[in-house]
Amino acid sequence: MLKTDGELSAKAMSERLGITLMAVRRHLNTLERDHLIESGTVRQPMGRPMSVYRLTPGGDDYFPKNYHAVALELLAELAHDSGEDKVNRLFDLRQRSLFNQYESRLRGKDLAGKVALLSDIQNESGYMAEWDKINENKFVLTEYNCPIARIANQYNHACACELRLFEDLLGAEVERTSCLASGDRKCVYRIQAANGGIRSAKGGTA
């Protein structure tokens, strides 16, 4: 009802559902506690302002979304019209933009601090990341989810860009040993202080 009407009062919902106002308020309290709805007031021609409820962005996320399909369609149109190099160029620009966005947050930290913060940054974007320290110069970063997996599966250049982004942000050598886009259960990055290993780009998430 809130999705189709935008906002409703508890009384209106009670009447539509055919249940008591108290029962409606119990449901509303739970939804508001979980930040799925929010309340506000609207003025009426007569009497006191009326309390109404509306969906929050988090609540709206429960309804079907098809962003990846639209993105894939647009990328396919671009590739057809201008060639796949143009698509790759978009991923390169995204890599540069992300570097500019995050570089200042990592600046001045040692490698362990950078890996820890990079894990936090990836979690902010839904990658379900965690990291482990092997020794003073070696670390492992693991991602269990890829928010753009369907795009990365089709456009592997997105994976190469993520690897380069990590190398540039960490100032370290980064090797991807497992990748979601290649059918693995997770993406695993082995990180080593610069001049201590060999770089490898095998494809993964972006």
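**Note on the predicted model: core, sheets and helix packing**

1. Start with I191. Setting aside residues up to four places away in sequence, I191 touches L111, V115, N137, K138, F139, L141, L170, A172, E173 and V174. Contact here means heavy atoms within 4.5 Å.

2. A word on the basis. This is a predicted model, in which local features need pLDDT of at least 70 and side-chain atom pairs count only at pLDDT 80 or more, while totals for chains, interfaces and linings use all residues. Residues are numbered from 1 along each chain as its sequence is written, and side-chain values use heavy atoms, with hydrogens and water left out. Helices (H or I, at least four residues) and strands (E, at least two) are DSSP runs, numbered from the N terminus.

3. I191 also belongs to the largest nonpolar core. That core has 22 residues, and L111, L141, F166, L170, V174, Y189 and I191 touch the most other members. At least two core residues come from each of α6 (84-106), α7, β5 (138-143), α9 (157-170), β6 (172-178) and β7 (187-193). A nonpolar core is a set of buried Ala, Val, Leu, Ile, Met, Phe, Trp, Tyr and Cys residues joined through side-chain atoms within 4.5 Å. Buried means under 20% relative accessible area, exposed over 50%, and partly exposed in between (1.4 Å probe, protein chains only).

4. Now the four-stranded sheet. It is open, with the order β4-β5-β7-β6 and antiparallel pairing. β4 and β6 are the edge strands with a single partner each, so one side of each has no neighbour in the sheet. On average, neighbouring strands are turned by 20° against each other, direction ignored. Strands count as paired if DSSP finds at least two bridges between them.

5. The pairings in detail. Six bridges link β4 and β5 in the antiparallel sense, and a hairpin of two residues joins these strands. D132 stands opposite V140 in β5. β5 and β7 pair antiparallel, again over six bridges. β6 and β7 run antiparallel and are joined by six bridges. Q192 of β7 is the bridge partner of K138 and also of E173.

6. What covers this sheet? α7 lies across β4, β5, β6 and β7 and runs at about 165° to β4. α9 packs on the sheet too, touching β5, β6 and β7, and its direction makes about 145° with that of β6. Axes are lines fitted to C-alpha atoms, for helices over the stretch in contact, and angles run from 0 to 180 degrees between N-to-C directions. β5 is mostly covered, with five of its six residues buried.

7. Is I134 buried or exposed? I134 lies in strand β4 and counts as exposed, at 52% relative accessibility. Beyond its neighbours within four places in sequence, I134 is in contact with F139 and V140. I134 and R190 are 56 residues apart in sequence, with 9.6 Å between their C-alpha atoms.

8. The other sheet has three strands. It is open, ordered β1-β3-β2, with antiparallel pairing. β1 (7-8) and β2 stand at its edges with a single partner strand each, so one side of each is left without a neighbour in the sheet. β1 pairs with β3 (residues 50-55) antiparallel over two bridges. E7 has R54 of β3 as its bridge partner. α3 lies across β2 and β3, at about 115° to β2.

9. One helix pair deserves a look. Two packed helices are described by the angle between their axes and the distance between the axes. α5 (residues 67-82) and α6 pack at about 130°, with axes 6 Å apart. That makes α5 oblique to α6; angles under 35 degrees count as roughly parallel, over 145 as roughly antiparallel, 65 to 115 as roughly perpendicular and the rest as oblique. L75, L78, A79 and S82 of α5 meet E84, K86, V87, L90 and F91 of α6. These contact residues divide into six nonpolar, one polar and two charged. Ala, Val, Leu, Ile, Met, Phe, Trp, Tyr, Cys and Pro count as nonpolar, Asp, Glu, Lys and Arg as charged, and the others, Gly among them, as polar.

10. H35 is not a glycine, yet has a positive phi of about 60°. H35 sits in the loop between α3 (21-33) and β2 (37-42) and is exposed, with a relative accessible area of 60%. M128, also not a glycine, has a positive phi of about 50°. M128 lies in the loop between α7 (111-124) and β4 (129-135) and counts as exposed at 52% relative accessibility.
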